[in-house]
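Here's a quick briefing to read with the model open beside you. Take a look at the fold, then work through the points below.

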Amino acid sequence: MFKGYLILFLIAHVIGDFYIQNSKMAEKKMESIKWVLLHIFCHWIVMLLIYLPIMSWKFLIGVTLTAILHCFVDIAKYILYKNKKIEITQIKDRNLFFIDQIIHMIILIGISYCFARYSLQPVITKNSLQP
């Protein structure tokens, strides 16, 4: 089940971070916290839609926890960019992007592991669909 949960989270992450978030939103996220929060809200909605077929209260909590952790990472990045003492060069920007994505992946792996480890069962299973 771990792989299945992780795949769903990765699909949601890619859609939320690279398809829903356009270049305007990515630029604005570094200028205003409201854009960071809008991005997180969109990301949360995408995860809910991806997990909708197997949704339960436990999954809702897990998806929401994932969005909150994503928010912490993005707010930390926002604060770093807003700090005028640090010059963000193209190389630093690239490195921050990769660090950001690695942290997101660690979070997704951790939440997926918890889902699998603690036997969170989806509402719809193969057995429940058979007559």
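Predicted model: local features only at pLDDT ≥ 70, side-chain atom pairs only at ≥ 80, totals over all residues.

Helices here are DSSP runs of H or I with at least four residues, strands are E runs of at least two, and both are numbered from the N terminus. Residues are numbered from 1 along each chain as its sequence is written, and side-chain values use heavy atoms, with hydrogens and water left out.

**Overall layout**
- Along the sequence, the pattern reads α-α-α-α-α-α.
- Taken along the principal axes, the C-alpha atoms fill a box of roughly 65 × 25 × 20 Å.

**Helix packing**
- Helix α4 (residues 57-82) packs on helix α5 (residues 90-117) at about 160°, with the axes 11 Å apart; axes are lines fitted to C-alpha atoms over the stretch in contact, and angles run from 0 to 180 degrees between N-to-C directions.
- That makes α4 roughly antiparallel to α5 (angles under 35 degrees are roughly parallel, over 145 roughly antiparallel, 65 to 115 roughly perpendicular, and the rest oblique).
- The residues of this α4 and α5 contact split into 14 nonpolar, four polar and five charged (Ala, Val, Leu, Ile, Met, Phe, Trp, Tyr, Cys and Pro are nonpolar, Asp, Glu, Lys and Arg charged, and the others, Gly among them, polar).
- α1 and α4 pack at about 45°, with axes 13 Å apart, and are therefore oblique to each other.

**Salt bridge**
- The count comes to one salt bridge, meaning a side-chain nitrogen of Lys or Arg within 4 Å of a carboxyl oxygen of Asp or Glu.
- The partners are Lys29 and Asp74, with their closest N and O atoms 3.6 Å apart.
- Lys29 sits in helix α2 (residues 23-29) and Asp74 in helix α4, so the pair ties together parts 45 residues apart in sequence.
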